[in-house]
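Have the viewer open and follow along.

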Amino acid sequence: MNNFTREMVDEYANKLLIGLTEEENKLVLKEFNIIDANMQLIEKFPDIKKIEPMTHALDSYEYELKEETGEVESIEIEDLLKNCGCYEEREIKVPRVIN
Amino acid sequence: MTELSIEKLHNLLINGEISSEALIKEAIAKSYEVQKKCNAFVTIIENAKAVEVTDNLLSGIPYGIKDNYSTKGILSTGSSNTLKNYIPIFDATAVEQLKKAGAVAVNKTALDEFGMGGTGTTAHTGIIKNPWDLSRTCAGSSSGSAAAVAAGVYPYALGSDTGDSIRKPAAFCGIVGYKPTYGMISRYGLFPFASSLDTCGVLTRNVKDAAIVVDAMKKQDEKDLTSWASKDMHLYESINGEVKGKKLFYIKEIVDESNYPNISEELKKHLQIFKESLKKLEAQGVIIEEVSIDKELLKTIPSVYVCISCAEATSNMSNLTGIAFGPRGNGENIYEIMKNHRTVGFSPLIKRRFVIGSYILQKENQERYFVNAQRVRRLIVDRMKELFKKYDALILPVSKGVAPKLDELNDEINDESTVLLEEHLQIGNFGGFPSITIPNGMINKMPVGINITGNCFDDINVLNIAYALESQMNYKDMTAGDYRE
């Protein structure tokens, strides 16, 4: 069993650029513990490590390469900027990243 | 008129007994009424225009779109503050398909934020209420769509289903919820939650209507490489109600009363209604058998779902930064700006889900959580596929009873006693199986539902069994308040 702490929860939230309140942190801790208990059950399944992980809903899924048509659909920059909260002319504006 | 079925409305339109314009006007007027009571919509499309009525069954008929479908020029928020002003520049493929069929969208329905919830309480526009009883939940995440269809605003609304988001709201609102086989409908333009589980679908008031709408929505789409060719599959035309000799199974560990030592009167009644439904199918020549599945395996379903869905969601929603789109956050530097946007924008529930996803996806945790969850997903799906070799479908009651009261809700992971009843629909997403919920009874003037799930690509069979059962009951085309004990 992992020992989850408040600090750990805050660290993982911060990695996602999300801030949590005390209450939210407490609930995440509780859920971590429930999931962890179930994962312990899973680890006890015989030969679990030998099972191929299922990453897609359909087994019959076939990968097909798209034909190179030379035509690429593109979107006008002006259209893309319509939902941007802060831009100047044709560029998104952000604070300086490199000082 | 909007409380009628698609077939009936089409006939009235073709015969000139009603006009598309009048129907749309009625749907918009009803939308405002339902909004006051149920808070079901993010946007009501006031300027929706009538179209020419053609041979297409959907032409000229109004419908609703869940607000996690991209709609060109129409606000599409995913019911999140992070996209509260977002107006897409393209239509989702499913929406485009319906436009081609002549369907007319009259509103965008509210949902649990980005589809990540099952209570209808996390939309940025507020709590969505059940039209049968305003003090109760609709379930989620397709809460607004379920409320609107149940209230008779129009004959159908689009939903999406990652765990049970179409099929549980359908049960709680006394309507039909159909999640087709994964990939039958393109997901292009559906805001992604967990890509390996997300499925587009529909909520209607009868089984045939569900088939009609999905026939129009589906296509193999080069913009969604997980979509597959289904043009030779004609759902509506294939429904004939012939089910004699079909073999169904139910899972003992979910249905047997002995699993619930402190069983409530409501659950007792729900299980009794379920058994009566089985008898109705048996009377039509359907063979139904009880099957036992390892309870330890079944008990892992909620955690497997949480691990996979949270991990995929965390990755999918990393683009929500408020930089290129969405309201700009406050801060001195780019990280502060993004953190402010995400902290203020996301509801507490999905923040918690994201943090779980973040933990699961850490290199040192992936094998124990994410990969093991994917392994158990295969174990569950393999067991189901083995059963589908012998049986045509799985049949189970939905949830432990009627829609809970809003003030009794708990959005934490479910407690153990009834967890299997609450979470078994997730099996349908694990395997990409076609799955449909229909109403099958009333308890204390609230509807309850029954679910039928079949093997991948066997949608016609699933619809046909649902149609056969629907035909033997009195809950077809039911709207809220239309009590049918």
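Leaving aside neighbours within four places in sequence, which residues is B:Cys307 in contact with? They are A:Ile35, B:Ile360, B:Tyr369, B:Phe370 and B:Ala373. Contact here is a matter of C-beta atoms, placed from the backbone, lying within 7 Å of each other.

A word on the ground rules. This is a predicted model, where local features need pLDDT of at least 70, side-chain atom pairs count only at pLDDT 80 or more, and totals for chains, interfaces and linings use all residues. Residues are numbered from 1 along each chain as its sequence is written, while chains are lettered from A and ligands numbered from 1 in the order in which they are written.

**The core**

B:Cys307 also turns up in the largest nonpolar core, which has 156 residues. Together with B:Ala147, B:Leu203, B:Val355 and B:Ala466, B:Cys307 touches the most other members. Helix H11 of chain B (residues 301-316) gives the most to this core, with nine residues. Such a core is a set of buried Ala, Val, Leu, Ile, Met, Phe, Trp, Tyr and Cys residues joined through C-beta atoms within 7 Å. Buried means 20 or more other C-beta atoms within 10 Å of a residue's own, exposed means 12 or fewer, and partly exposed is in between, again with C-beta atoms placed from the backbone. Helices (H or I, at least four residues) and strands (E, at least two) are DSSP runs, numbered from the N terminus.

**Where the chains meet**

On to the interface: 55 residues of chain B are in contact with 43 residues of chain A. H14(B) supplies the largest share of chain B's side, 11 residues. That side divides into 27 nonpolar, 15 polar and 13 charged residues.

Chain A has three helices and two strands, in the order α-α-α-β-β along the sequence. Of its 99 residues, 17% count as buried.

Helix H2 of chain A (residues 22-43) has buried residues including A:Asn25, A:Phe32, A:Ile35 and A:Ile42. The arc is taken from the directions from the helix axis to the C-beta atoms. They pack against helix H1 (6-15) of chain A together with H11, H13 and H14 of chain B. On the other side of H2(A), A:Glu22, A:Glu23, A:Ala37 and A:Gln40 are exposed.

**A one-faced helix in chain B**

In helix H1 of chain B (residues 6-14), B:Ile6, B:Leu9, B:His10 and B:Leu13 are buried. Seen down the axis, they fall within an arc of 100 degrees, so they line one face of H1(B). Their cover includes helix H2 (20-38), strand S4 (156-161) and helix H6 (207-217) of chain B.

| Residue | Phi |
|---|---|
| B:Gly16 | near 75 degrees |
| B:Ser399 | near 65 degrees |
| B:Phe457 | near 70 degrees |

B:Gly16 follows H1(B). B:Ser399 sits in the loop between strand S9 (393-397) and helix H15 (419-423) of chain B, and counts as buried with 26 C-beta neighbours inside 10 Å. B:Phe457 is in the loop between strand S11 (446-453) and helix H17 (459-471) of chain B. B:Phe457 is buried too, with 20 other C-beta atoms within 10 Å.

Conventions: Contact = placed C-beta atoms within 7 Å. Nonpolar A, V, L, I, M, F, W, Y, C, P; charged D, E, K, R; others polar.
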